[in-house]
Amino acid sequence: MANPLTNWNSDLCGCCTDASICCYGFWCCPCMACSVAGNNGENRCLPLCDILSPAIVAACGIPLCVPPAALALRVGIRHKYGIQGSICKDIATSCFCECCSYCQMHRELKYRNSNKVVVVNMQPSPMMMAPGNPPPAGFRGHPGVVTAPSY
């Protein structure tokens, strides 16, 4: 069964949740964009495509209105964390609110990276589960992990 979709951690114009990010994005949106790309595991220079691609594509006579890197990062983050939305909303957000979109993505990555949960599966080996072989107190289930017995 698939995990239910969640919402973005903050609104698109949710600057009040972390004003330092919005100030950073307002004064240096390309720096913010490169930071978001790097924090998402992409090349930090990826957002520079948004700056250079309109001029290159327009020189070839092809109109371009959607910033490709902003759109790709937004869709990637949305799919990676199971956030509700649609490609149409992502296109509109990337076209008309690019800087706010990068601020929202930065806040989302900051939230998701600070709330990582590590799950350790602790199951005894089959030998210990055999009848008549109760696990000894303080047994080692995995190398380097010691668990206390539960009574």
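Me: Where is asparagine 9 found?

Reply: Asparagine 9 is found in the segment before H1. Helices are DSSP runs of H or I with at least four residues, strands are runs of E with at least two, and both are numbered from the N terminus. The model is predicted: local features need a pLDDT of at least 70 and side-chain atom pairs count only at pLDDT 80 or more, while totals for chains, interfaces and linings use all residues. Residues are numbered from 1 along each chain as its sequence is written, and side-chain values use heavy atoms, with hydrogens and water left out.

Me: Why does asparagine 9 count as partly exposed?

Reply: Its relative accessibility is 39%. Buried means under 20% relative accessible area, exposed means over 50%, and partly exposed lies in between (1.4 Å probe, protein chains only). The value of 39% lies between these limits, so asparagine 9 counts as partly exposed.

Me: Which residues is asparagine 9 in contact with, leaving aside its neighbours within four places in sequence?

Reply: They are Arg107, Glu108 and Tyr111. Contact means heavy atoms within 4.5 Å. Asparagine 9 is also 8.4 Å from glutamine 104 in space, C-alpha to C-alpha, although 95 residues separate the two in sequence.

Me: What makes cysteine 13 an exposed residue?

Reply: Cysteine 13 has a relative accessible area of 62%, which is over the limit for exposed, and therefore it is called exposed. Cysteine 13 lies in the segment before helix H1 (19-27). Cysteine 13 and cysteine 103 are 90 residues apart in sequence, and their C-alpha atoms are 8.6 Å apart in space.

Me: Why is histidine 106 called buried?

Reply: The relative accessible area of histidine 106 is 13%, under the limit for buried, so the residue is called buried. Histidine 106 is found in helix H6. Not counting residues up to four places away in sequence, histidine 106 touches Ile21, Met32, Ser35, Val36 and Asn39.

Me: At what angle do H2 and H6 pack, and which residues make the contact?

Reply: H2 and H6 pack at an angle of about 35 degrees, with their axes 9 Å apart. Axes are lines fitted to C-alpha atoms, for helices over the stretch in contact, and angles run from 0 to 180 degrees between N-to-C directions. The contact is made by Cys29, Met32, Ala33, Ser35, Val36 and Asn39 of H2 and by Cys99, Tyr102, Cys103, Met105, His106, Leu109 and Asn113 of H6. These residues divide into 9 nonpolar, 4 polar and no charged. Here Ala, Val, Leu, Ile, Met, Phe, Trp, Tyr, Cys and Pro count as nonpolar, Asp, Glu, Lys and Arg as charged, and the others, Gly among them, as polar.

Me: Which residues of helix H2 are buried?

Reply: In helix H2 (residues 29-39), the buried residues are Cys29, Met32, Ala33, Cys34, Ser35, Val36 and Ala37. Just after H2, glycine 41 takes a positive phi of about 85 degrees.

Me: How do you know that threonine 93 is buried?

Reply: Threonine 93 has a relative accessible area of 12%, under the limit for buried, and therefore it is called buried. Threonine 93 has its place in helix H5 (residues 87-96). Leaving aside neighbours within four places in sequence, threonine 93 is in contact with Leu12, Arg74, Glu98 and Ser101.

Me: Why are H4 and H5 called oblique to each other?

Reply: The axes of helix H4 (residues 68-80) and H5 come within 9 Å and cross at roughly 140 degrees. Angles under 35 degrees count as roughly parallel, over 145 as roughly antiparallel, 65 to 115 as roughly perpendicular and the rest as oblique. An angle of roughly 140 degrees belongs to the rest, and H4 and H5 are therefore oblique. The contact is made by Ala70, Leu71, Arg74, Val75 and Arg78 of H4 and Ile87, Asp90, Ile91, Thr93 and Ser94 of H5. By class, the contact has 5 nonpolar, 2 polar and 3 charged residues.

Me: How many helices and strands does the protein have?

Reply: The secondary structure comes to 7 helices and 2 strands. From the N terminus on, the elements run α-α-α-α-α-α-α-β-β. Buried residues make up 30% of the 151 residues in the protein.
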